[in-house]
Amino acid sequence: MSLSPEEQVNMYRVDSEVSDDMVRHPNPGITVPGCQGIWRTTGRLDSEHGDSEVVVQCLELPQENPRLQPPRILRAVKRLRTQKIYPAVDNKVTIARGLLCLAKANVSETIAVVRMLCWYEDATFTYIAMEYCAYGNLRDWIAASPLQGEAWAREVARQILSVLAELATAQLAHRNIKPSNILIASAMPIRIKVADFHNAKWMTEGTGLGTQVGTLAYVAPEMRGNLDQDHKVFKRYDTKVDMWSLGVVLHEILTKKHPFREPGRSRFSELRYQMFLQNNGCSVSLDALDGMVSPYGMSFVACMLARNAAFRLTPAEALNDQWFRNVIGYM
């Protein structure tokens, strides 16, 4: 007998006593791994959202021998404000939808997503405890490292596409693929995990995708149409919005520059993107890739950044693209 969406989410819910820098899970019979005992906040991670915060927590372990330091057990905890801030956005509904998508993604043992350990709440916030990735995220990696080269970018793209393909099979759309949501689980060899399902959606029968969500610098053109008062686009879109976002991420990995940027600069320019949207015959300029990437790589990025979603590949199709064929390793 299959579980209802509510039952799937509540499988990960735990009772908790929350204070400023500590949380205690008092139920001794709980079976959810990583959500027992007392956890203390040891640090804070950068957050791009004003209504959320991500902290690192460490499990308190009994110290039987003062000379021996037990290994630290860490987890990341995202705190989301449950109360409604914007009239058009129901935070409770958004959080519940994200929890359901995380619970569904957790079912697969092979998918490279950041695992949800459990979630808990108080009167003001919902807290999502997740596995901790010590190597940070792809955004910081791009900023701090020299250009990694096409082979490294291809391997990262292959891993992200594998995640998107599994999500598509489970009828899940991520809707916020960007460098800060790609966490580094291992540096050598490179191994990534996709994080932040706050904007994700499970497409049940009879429902589709129509809300403008995500981060503007990575949002596909079909999500930037005219909006009604409920932030709905007048034309539905599909999971190929994630493929556009991947195209932007790949451009940044390969060049350290956003495809829509002011001349001489590397960051996203809303003005340049608006000019692109208003010119129906315009295509994304890939001049920054010229001479740095193989023809197959250029073709792949151009396909991901096709203005018309019908010309973008699905994740499964992309994994069979010529760019990935007969490639052994990535160094």
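**Exercise 1.** Determine the handedness of the link between Cys35 and Cys118, and say which parts of the chain this link ties together.

*Solution.* The torsion about the S-S bond is -90°, and the link of Cys35 and Cys118 is accordingly described as left-handed. The sulfur atoms of Cys35 and Cys118 are 1.8 Å apart, and the pair forms a disulfide (a pair of cysteine sulfur atoms within 2.5 Å). By this rule the count comes to 1 disulfide. Because Cys35 lies in the loop between β2 (22-25) and β3 (37-45), while Cys118 belongs to strand β6 (residues 116-121), the pair ties together parts that are 83 residues apart in sequence; helices (H or I, at least four residues) and strands (E, at least two) are DSSP runs, numbered from the N terminus.

This is a predicted model, in which local features need pLDDT of at least 70 and side-chain atom pairs count only at pLDDT 80 or more, whereas totals for chains, interfaces and linings use all residues. Residues are numbered from 1 along each chain as its sequence is written, and side-chain values use heavy atoms, with hydrogens and water left out.

**Exercise 2.** Classify Cys35, Cys118, Cys58 and Cys133 as buried or exposed.

*Solution.* Buried means under 20% relative accessible area, exposed over 50%, and partly exposed in between (1.4 Å probe, protein chains only). Cys35 and Cys118 are both buried. Cys58 counts as buried because its relative accessibility is 13%, and Cys133 counts as buried because its value is 11%.
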